[in-house]
Structure formats: C-alpha cells, structure tokens
Amino acid sequence: MKKVTILDLKKMKAEGDKITMLTAYDYPTSRILDTSGIEILLVGDSVGSVMAGYQNTLPVTMEEIIYHCQAVARGRTRALLVADMPFMSYQVSIEEAKKNAGRMLKEGLAEAVKIEGGVNMEEVIEAICDIDIPVMAHIGLTPQSIHRMGGYKVQGQAEKERDKLLQDALAVERAGAFAVVLEVIPSYLAKEISSQLSIPTIGIGAGPDCDGQVLVINDLLGLSGEFRPKFVKRFAALEPLISEAVKRYVTEVKESKFPDAEHSF
Ligand code: KIV
C-alpha cells in the first residue's frame, strides 16, 4: 500500500475523495487502523482523558505525546502520523514552539504536528511550517481552551462567532497549514469553511460536508463508558465483550478449568 503524504490529502480534497482520520495511542491499535484503510493517525492530546483518566487535556506533556507517538509509529506503515502539540508547548514563544514541534518529528517519529488556534496562532503555524514541519490546524471547539469557553459547547452559533471562525480558517490556511480540524461547529458553517479553503477540512461534530472526518478511537469502539456526545457514533460496543471475556477468565481460574491440558506444557 502506498504511503499517505500531505500531498495526497490535497489531491483527495480536489477529487472529492473523503479523508479518514482516527486517534491512536498504542502499537496494536495503530497496526489495526493502518491496515484497515485509515489515512491519518492522530496521537491526540485526548490521550490524557482517554488513556490516563485526566479530567481534560491540559495536564498532557510533551513526554507523554512522544511516548505514545513512538508506539503508534512502530505500528503503522501507510498512514500519515500526526502528533498533537500539548498545552503550553507552543503558546509561550515561537522559539519554544519550533523546538517542541521538532521533538515530535525527531523523537516521536511523527510526520506532522497539530496545533489548536486560528488567527491567534497564525505566526506560530507559519514559523513551524517555515522550518518544514507540516502543521494541521484545529479550530472551533479547541479543548485546550476549555476554561475560556466555559465548557465543551458548540462553537460558531452567534453571527460574530461565525465570522471569527471563518477568519480563523483563512488565517491557518494563509499560515501554511496543510489541513484543519473543525470541531463541534454547525454543519452549514463547516460547509461554508470547506468551500472557501483549498486545504482539506477534517470534521468532528461538524457535519457531513467536511473533506474528511475524525473520531477518538475509544468512542468509535464503545470504550468510553457513559461519555457519548451527540457527534459520536459507536461502530462497535467493545466494553461488554471485554467484560464478558474477563468474567469467563475469572470463573475458569477460580474453578481450576484454566489452564487446562491444551494450555499447559
Ligand atoms: O486530541 C484529539 O483527539 C483531537 C481530535 C479530537 C481532533 O484533537
């Protein structure tokens, strides 16, 4: 299978070929997603809430993303690997942002980084692109801004907000981003932004008219407990399957049925 590059994504948008992206945080998941046809694997800072049980993404560190990125890199051969820049790894100065983006490629083996923000991050995105590190932007509901937004709410509903989001999208394209995630915004606005940009838009809770879609893998597989926002579709329900398997193991060990002759030397 041919390796996916940022050039393929631009071509896919031009040809109306939808782009698929999922988060991945470990080696076995990366291996399965890569051979199942996913074009982009994102080591999202959602790893903090999904895998470490943090309340939000703010505590996630460079070291955590790099560790998970290395594992995902070992599992994939085809998909483009994107690493999320964690909170405060790119906001303090352009120099720090460049250095940290470089670490994602050098140590994490990522092929691109993702940065939350629009107009406010234009210079940062431009500086990172200028040193040949591809940047995926992320606008709309940006989880690192949770405290400013006052919760995980639909963005871009008021007219002023709609205009700001359009300006954000144009700013990240101008800065050189190769794609932009649109998170939790009205479908008609995502459609409008997608038609105005030449770079692909990847939606999550942004309706069907984006150039691609992304979900958190644990949400798609039904491994997120009661967490079920409107935009998440569960394509499988793995929690009861895992629970059932573990209960059978517990029973068989307690009843001395496992290990049996077949599983012993
Ligand atoms: O961290 C993450 O998983 C993300 C996606 C939801 C886009 O940013």
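Student: Which elements each supply at least two residues of the lining of the largest pocket?
Tutor: Let's look at this predicted model, where local features need pLDDT of at least 70, side-chain atom pairs count only at pLDDT 80 or more, and totals for chains, interfaces and linings use all residues. Residues are numbered from 1 along each chain as its sequence is written, and side-chain values use heavy atoms, without hydrogens and water. A pocket is an open set of 1 Å grid points over the protein atoms alone where a 1.4 Å probe fits, with protein on both sides within 12 Å along at least five of seven lines, and lining residues have an atom within 4 Å of a point. Counting DSSP helices (H or I, at least four residues) and strands (E, at least two), numbered from the N terminus, the elements are β1, α3 (47–50), β4 (112–116), β6 (179–183), β7 (201–204), β8 and α10 (217–220).

Student: Which element gives the largest share of that lining?
Tutor: In total, 48 residues line the largest pocket, with E183, I204, V216, D219 and F231 nearest its centre. The largest share, four residues, comes from β1.

Student: In β8, which residue is the bridge partner of L22?
Tutor: Eight strands close into a barrel, with parallel pairing (at least two DSSP bridges between two strands). Within it, four bridges join β1 (residues 19–23) to β8 (residues 212–215). For L22, the partner in β8 is L215.

Student: Which element gives the most to the lining of the second largest pocket?
Tutor: Here 21 residues form the lining, and G140, T142, S145, R148 and K164 lie nearest the centre. Both β5 (135–140) and α8 (159–175) supply at least two residues. With four residues, the element giving the most is α8.
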